[in-house]
Amino acid sequence: MTTPYPFTAVVGQDDLRLALLLNAVSPSVGGVLVRGEKGTAKSTAVRALAALMPEIEVVPGCRFSCDPAAPDAACPDGPHGAGPGECRPARTVELPVGASEDRLVGSLDIERALAEGVKAFEPGLLADAHRGVLYVDEVNLLHDHLVDLLLDAAAMGASYVEREGVSVRHAARFLLVGTMNPEEGELRPQLLDRFGLTVEVAASREPEQRVEVVRRRLAHDDDPAGFAARWAEEEAAVRGRIVAARALLPRVRLGDGALRQIAATCAAFEVDGMRADIVMARTATALAAWAGRAEVLAEDVRQAALLALPHRRRRNPFDAPGLDEDRLDETLEQFGGSPDDEPDPDDEPGPEDPDDPGGGDGGGGGKPDGGGDADDGQSSPDAGPRDGGTAAEADTGVQPRTGGAGEQAPVRAAEPFRTKVLSVPGVGEGAAGRRSRARTEHGRTIGSRRPRGTLTRLHLAATVQAAAPHQRARGRSGPGLLVRRDDLRQSVREGREGNLVLFVVDASGSMAARQRMGAVKGAVLSLLLDAYQRRDKVGLVTFRGAGAEVALPPTSSVDVAAVRLESLPTGGRTPLAAGLLKAHEVLRVERLRDPARRALLVVVTDGRATGGPEPVAQSGRAARLLAAGGAASVVVDCESGPVRLGLAGRLAGELGGTAVALDALRADAITGLVRDVQGAHGAPRRAA
């Protein structure tokens, strides 16, 4: 068995360690979402936490880990009689990104349920994680419906499995931990809000700390058992502190003064709903218990706000998560006094108390030594991407590119707007999303078929219809229906899929008019916002000067997308063929990665080709190559002047698409254009 890396040996990452420990003390806090770049000990810390969790007592033989002192009355393995339990370590269960719904919540044997009337239930990962830790790596890549099921179970403390009227319920209380890299896409705000705490992690820039990380990692890899033994004393101390904090937690007092600070803080930061207030109250109470105190202090409220509010401040995907700590301190100071301490209305107001705890240094109740503020270096969340650049610039390091022959400064994008619903015609079989029609595991039932492998979605009417003619031959004598394997029918369902919209934008000198590029950028940003909500992919290829580049690989990470679009310069010659060939390469790679995802190509150009040898002939060949790939396409004609050559129309013909005049290229019309073209094309063909 592999020896895990000790939790107490993790270097730095104080906020991450504190958030995990608070959830170990009080699972009702609601779990932790860990956001950060790769290689920052996210997974290491989560897996190491399991060794610190106290052992649990379970009913012998119960697959659902019932507590013998208070067994679940609805346990599928119950009822459990009185008797001694057995102790075992708390489990850490990992949910893979590609897991199915049945693997998560469990599965029912529908065949036995129909034929024998037996609820044959096979527990899923939620049952395995009961009274332990459920860890979801790359939670932002998990399908939305699985995230919904996961968070519903975490909120209710129970999991429900229903299949065609057969229902099973079991307890599912666990510490939920998710990790994600924001560069690979964001979670929807509704899902972010369901995580109790969020922590931003990043690799240290201090050489000495990085040296210590490498030293400890190498020592563990060379001798895992010996390394763990050297940290056993520290591990035991933290484990004992968790047990003590759990015992103290019910006696911790959350006074009216602390409650007023919590409510005022959530109101001051305009947090939606009441979940933030509740999570802050539970977190502050856990902080006090972790510190060994029976009373919640202002410093606990402050630290709770830094952990519970940043991810709830986001109004749209362009907003960077974070909290204005100066504003937080002002709010805590303003509402720092308890109602009993308020002066009598008839008395003169006295001077302010210089020792008011509301303006503390933010060390936090029980924060590990050496910890920093949760959002060190964050700018004010009120500064949006339109105010001096996008919110993600500081994180990505992307700077506007200027200089070079004929190059002009980047043009600011027009304001994003709400787009119309775009969809690709026909019925696809792509990844689950919210845009085009597709055959999926979820949606409305449109038919039935024989199951291929395990039956997952029973079509009851079709099954009964298939079994009915054979009842006499099978010797049916009672009221029950005799059902055999060959009678079972799987439901065929139609839902929605996600698509890829690839923009190919001419950024040459002839396209340098600010109004044109601003409208194009605004449209792409708008589609990115829409893609974020509908789980699409959107990409951007630009061509100018000596060649073409993928300015934005197909992605749903709108933070990075906004930065790339804002920094896009214009100027130089027009290598149209290079742009089309680059688009062909992007689509080819995406087909290999996801053959079922259908694409739409939007080429924004005046049709001129002035870069490279034989530019016109090369552009025609590149267009015909793209047409053979089967993607629906449209060319936005940006040619202007009294004499027009119609080059964009000729390009559209080579692509097998349509051309639209420049007058249609408005910030409020480009998405309608895409919608119209999608309606005009048949279902895109797939490359062999």
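**Figure 1. Strand 16 sits mostly under cover, with a strand on either side of the pairing list.** Strand 16 (residues 537-544) has 6 of its 8 residues buried. Buried here stands for under 20% relative accessible area, exposed for over 50%, and partly exposed for anything in between (1.4 Å probe, protein chains only). This is a predicted model, in which local features need pLDDT of at least 70 and side-chain atom pairs count only at pLDDT 80 or more, while totals for chains, interfaces and linings use all residues. Residues are numbered from 1 along each chain as its sequence is written, and side-chain values use heavy atoms, with hydrogens and water left out. Strands (E, at least two residues) and helices (H or I, at least four) are DSSP runs, numbered from the N terminus. Strand 16 pairs in the parallel sense with strand 15 (residues 500-506) over 7 bridges; two strands pair if DSSP finds at least two bridges between them. In this pairing, Val 505 stands opposite Thr 542 of strand 16. Strand 16 also runs antiparallel to strand 17 (residues 547-555), joined to it by 6 bridges, and Leu 540 has Leu 552 of strand 17 as its bridge partner. Strands 16 and 17 make a hairpin with 2 residues between them, and Gly 545 in the turn shows a positive phi of about 65°.

Figure 2. Strand 12 and strand 14 run antiparallel and are joined by 6 bridges; look for Arg 437, whose bridge partner in strand 14 is Arg 496. Strand 14 (residues 490-497) also holds Gln 490, which counts as buried at 4% relative accessibility. Setting aside residues up to four places away in sequence, Gln 490 touches several residues, including Ser 448, Arg 449, Thr 456 and His 459; contact means heavy atoms within 4.5 Å.

Figure 3. The buried residues of helix 21 (residues 647-655) are Leu 647, Ala 648, Leu 651, Ala 652 and Leu 655. Seen down the helix axis, they fall within an arc of 140°, so they line one face of helix 21; the arc is that of the directions from the helix axis to the C-beta atoms. Turned away from the buried side, the opposite face carries exposed Arg 650 and Gly 653. The cover over the buried residues of helix 21 includes helix 19 (576-593), helix 20 (615-629) and strand 19 (632-637).

**Figure 4. Ser 619 is tucked away in helix 20.** Ser 619 belongs to helix 20 and is buried, with a relative accessible area of 4%. Not counting residues up to four places away in sequence, Ser 619 touches Leu 576, Ala 577, Leu 580 and Ala 609. Arg 608 is 11 residues from Ser 619 in sequence and 9.5 Å away, C-alpha to C-alpha.

**Figure 5. Helix 1 crosses helix 10 at an oblique angle.** The axes of helix 1 (residues 14-25) and helix 10 (residues 232-248) come within 9 Å and cross at roughly 50°. Axes are lines fitted to C-alpha atoms, for helices over the stretch in contact, and angles run from 0 to 180 degrees between N-to-C directions. Helix 1 and helix 10 are therefore oblique to each other: under 35 degrees counts as roughly parallel, over 145 as roughly antiparallel, 65 to 115 as roughly perpendicular, and the rest as oblique. Leu 21, Ala 24 and Val 25 of helix 1 meet Val 238, Ile 242, Ala 245 and Arg 246 of helix 10.

**Figure 6. The largest nonpolar core holds 58 residues.** A nonpolar core is a set of buried Ala, Val, Leu, Ile, Met, Phe, Trp, Tyr and Cys residues joined through side-chain atoms within 4.5 Å. Those touching the most other members include Leu 20, Leu 49, Met 280, Trp 290 and Leu 309. Helix 12 (residues 275-290) gives the most to this core, with 10 residues. Apart from this core lies another, of 36 residues, among them Phe 64, Ala 129, Ala 172 and Leu 192.
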